[in-house]
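Colleague: I am new to this structure and would like to go through it slowly, one question at a time. Could you show it to me before we begin?

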Amino acid sequence: MKTKALALVGGLMAATALAAAPAKADVKIGLLGGVSGPIAAMAPAMIDAAQLAFAQVNEQGGILAGEKLVGVVGDSACSPQGGTDAATKAVNIEGVVAVVGPHCSGAVLAAAGSVTVPAGIAMVTPSGTSPEISGLDDKDTVFRTVPSDDYQGRALARTLKEQGYAKVAVAYLNNDYGTGLANAFKAEFEAQGGEVAGFAAHEADKASYRSNLADLSSGGADTLVIFDYGDGTGLTILRQALENGFFEKFVGGDGMKSDALFKELGSDNLTTFVASSPVGEKSDALDVFNEAFKAAGGDPDAIFVNTSYDAAFLLALAVEKAGGDKAGVAAALREVSNGEGEAILPGEWAKAKALIAEGKAIDYKGAAGDHNFDANGDVPGTYALFKIEGDAFTVVSEMK
Amino acid sequence: MDMLELLNFYIIPGLVLGSIYALGAIGITLIYAILRYSHLAHGDLATLGAFIALALVQAGAPLLVALPATMALTALIAIGIDKGFYAHLRDRPKIITVMSSLGIALMIRAVVQVVWGVDAETYSRGIVRPEVYWGLRIKDRELWTLAFLIAAVVVLQLFLARSKWGKAMRAMSDNPNLALLSGIDNRKVIMLTWIIAGGLCAASGVFLGLNTELKSMMGWGMLLPMFAAAVLGGVGRVEGAVLGGLIVGLAEELSVLVLPGEYKAAMAFAILLFMLLVRPTGLLRGKVL
C-alpha cells in the first residue's frame, strides 16, 4: 500500500515535471534603444538588425534546451534618465539575462552605473561611442561592438588635415557623445598642426543657434565641424549655418550621417558636407549579414545595423556558452570571441550550438569586425568619410 | 564686432525667437489670469499645432491658409481638453489641475509621435537664404513672425479693452465671484480664454516650425522660456508677456557673447529665478488683466 502511494506520488511529480518543461519561460535579452529622442530615425533599423539575430537563433533550434530567445524592446530615449528607466525595467521586471544597447553614450553610462553593473548583467552597446565608456568601472560587464570615438575623432582629424582642411571651428552637443568626440578630434587636429579657431558646446533643442554660429565663425575658420545628431540639433545648426553663410565647408561625425539632412535641406545645398562613419571592414561575415538583412527587409547600409546585429548574436552565443547563467554571460562573451577556436559567421547558430555542446572553443567573426575585445571591452574600428550624392551617402575615402 | 553683425546674428534672431516665446506666453498668462493655474501642456499643444499645420501643408494648402485653419482647430482641441480633463477639477485645489496638465502634455506628445513619428520634418524642403536690406539679413518668414505677433497683440488688446466679452474676461480675472454675481457666464469666458490661448499657442508652434524644424519635442523645449517670459512681464499682463518674451529671446541669444554656448539654455531659468526673487509681480506688476 505504502509503495503504491509512493509510486503514485512519484508518478504525479514526474507528470508535473514533464508538463512544466514545455512551459519553461523564454530567455529574454533586453534591446534598449533611442526609440524616441534625437536618434529616433536610426533606432528602428538597429533594433530590427538585433531582432534578426534572435530570429535566426529561434529558427535554428532555439537557445539552451530549445527555448525561445526573445528581444524585449525598451526606449532609452537617448538620455541618461531614459537609459536608467529602460534598464531598470528590463533587468528588474522583465528579468533579462543580458542587454543590447542603449544606443546613446549618456544612456549607456547611466544605465551601466546605476542598473546593470550592480546587477552583474552583461551589456553590449552597438553605438555608444563615448571614450568615457572605456574607463567605466564596470567589473568587466560593459562591452561594445562599435569602436570608441577616441579612434573616430583622431582618424577624422588626420583625414581632414590630409585633405587640406587647415582651420576649423568645432560645434559639439553638450553630452557624453559630443564632448568625447570633440575632445579627441581637437587634440589630434592640433597635434597634426591644424588650427581649431572655435570650439564651443551647445545645448539641444533651442530654436536659434545663430549667435553660437556667429561666435564660432568669428575665429576666421572656413570649415565647421559638427558633433551632434543629424535628426536633432545638428540639423538646425547646419540649416542656420547654410542659410546665413557662416561657413563654406561642413564636416560631421557619425551622428550627422542621417538621411534627414538631404531629406530636409536638399542634397544640392550639401555639396560641401562630409561625414565620418564607422564601416564594416569588407569580409565574408559582412556579406553574409548584408544578404540576410536584405532578405529580412532591412537596409544593410543603415548606420549601426551590423554592430547591432553582432551585439545581439554575440550575447546569444554567450548566454548559450554560460548555460543561461546571468552571472556568467560577461565572462562567456570574451570566450566566444577571443580569436581562438572554430570561426562562426553571422547566422551560423546551429553550428555554434553544436560546438558549444561538445565543449569546443568558438570564435565569432562579426559583420562589423572580429570583435576581439580588449581589456576595456572595446574593439578597434575602421572608418570612412562620406559625402552626399543624389539622395544617398557615398564613400569619399577610407580614414586612417 | 561691428554693429551690423550684432544686429544680424544676435538681435534679429533674438527678436524672432522672442516673438515665438511671446505668442506662447500670452496664452500662459491669460490662462493664469482667468483660471488661476499654470498650464504645463502649453508647449506640447504648440507642437500639436505645428504638426496639424504640417498635415494641411502636405495636403496642398498654402501656409497662409493653413495657419488660421490650424489656429481654429487647435482652439477647438484646447476647448475639448478643458471640457474633458480640466473642467471637473475646477473646484479642487489648483495644484491638481497643474499636475493633470503635465499628464495632458505627455498625452499630446504621444499622439504627435504616434501620428507623425519622431523624425524631423519641415514645411518645405531646402533652405531659404535671407534677403539683405541695408546690410540687415532678414528672411521673409522672420518678418511674418514679428508682424503676426504685433497684429495679434493689437487685436487682443483692443478686444480686451473695448468688446463686451473682453470686458467680461477682465472682470473674471479681477474677481471671479463678483463677475458671477453680476451675471457674467463663466463657462463662456473660460471657453473664450481657451480659444485665444489655443489659437496663439498653435501660431507659436507653427512659427517655431517655420523658422527651424518640426520635432516632437519642439514645444516641450519652449515651455521654460515661455513661463520665464510670462513671469518676467508680470503674470496676467498680455503686454507683459510680449515684453517678457522678447527679453528672454534676446537674453538667450546675447548670452553667447559673455557665457559659453552651453549655458544658453540656462538663461531662461536664470531670468525666472531672478525675477521670482527680486520682483515676483514681474516688470509690469501683473496680477489681473
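**Reading the two chains**

Colleague: How far apart do the end C-alpha atoms of residues 6-33 of chain B lie?
Modeller: The span is 100% helix and 0% strand, where helices (H or I, at least four residues) and strands (E, at least two) are DSSP runs, numbered from the N terminus. This is a predicted model, in which local features need pLDDT of at least 70 and side-chain atom pairs count only at pLDDT 80 or more, while totals for chains, interfaces and linings use all residues. Residues are numbered from 1 along each chain as its sequence is written, and chains are lettered from A and ligands numbered from 1 in the order in which they are written. For residues 6-33 of chain B, the separation of the end C-alpha atoms is 37 Å.

Colleague: Which feature does UniProt place at residues 6-33 of chain B?
Modeller: The unreviewed UniProt entry gives one feature name to residues 6-33, 45-65, 96-116, 143-161, 189-211, 217-235 and 265-284 of chain B; its positions are given in the numbering used here, feature names are shortened, and annotations may be inferred rather than shown by experiment. In the model, one of these spans, residues 143-161, is 100% helix and 0% strand, with end C-alpha atoms 27 Å apart. The feature that the record names is "transmembrane region".

Colleague: How many helices and how many strands are there in chain B?
Modeller: From the N terminus on, the elements of chain B run α-α-α-α-β-β-α-α-α-α-α-α-α. The totals for chain B are 11 helices and 2 strands.

Colleague: What is the radius of gyration of chain B?
Modeller: The radius of gyration is taken over C-alpha atoms, and the globule rule is 2.2 Å times the number of residues to the power 0.38. For 289 residues this rule gives 19 Å, and the value for chain B is close to it, so chain B is as compact as a globular protein of that length. Along the principal axes, the C-alpha atoms of chain B fill a box of roughly 60 × 45 × 35 Å. The radius of gyration of chain B is 19 Å.

Colleague: Why does B:Ile20 count as buried?
Modeller: B:Ile20 sits in helix H1 (residues 3-35) of chain B, and not counting residues up to four places away in sequence, B:Ile20 touches A:Ala207, B:Thr145, B:Ser204, B:Phe207 and B:Leu208, contact meaning that C-beta atoms, placed from the backbone, lie within 7 Å. The C-alpha atoms of B:Ile20 and B:Leu208 are separated by 6.4 Å, although the two residues are 188 residues apart along the chain. A residue is buried if 20 or more other C-beta atoms, placed from the backbone, lie within 10 Å of its own, exposed if 12 or fewer, and partly exposed in between. B:Ile20 counts as buried because its C-beta neighbours inside 10 Å number 31.

Colleague: Which helices of chain B do the buried residues of H3(B) pack against?
Modeller: Helix H3 (residues 63-86) of chain B has buried residues that include B:Ala66, B:Leu67, B:Asp82 and B:Tyr86. The buried residues of H3(B) pack against helix H2 (42-58), helix H4 (94-116) and helix H8 (186-211).

Colleague: How many residues of chain B are in contact with chain A?
Modeller: On the side of chain A, 29 residues take part, and strand S7 (195-202), helix H7 (210-217), helix H8 (233-243) and helix H9 (260-265) of chain A each supply at least two of the residues there. By class, this side has 10 nonpolar, 10 polar and 9 charged residues, with Ala, Val, Leu, Ile, Met, Phe, Trp, Tyr, Cys and Pro counted as nonpolar, Asp, Glu, Lys and Arg as charged, and the others, Gly among them, as polar. On the side of chain B, the number is 31 residues.

Colleague: How far apart are the centres of domain 1 and domain 2 of chain A?
Modeller: The domain bounds, which come from an automatic or database domain assignment, are 26-147 + 282-364 for domain 1 and 150-280 + 382-399 for domain 2 of chain A. In chain A, 18 residues of domain 1 are in contact with 20 residues of domain 2, and helix H4 (residues 105-119) of chain A gives the most to the domain 1 side, with 3 residues. Taken over C-alpha atoms, the centres of the two domains are separated by 29 Å.

Colleague: What share of the residues of chain A count as buried?
Modeller: Chain A has 13 helices and 14 strands, and its C-alpha atoms fill a box of roughly 100 × 40 × 35 Å along the principal axes. Of the 400 residues of chain A, the buried share is 58%.

Methods
Contact = placed C-beta atoms within 7 Å.
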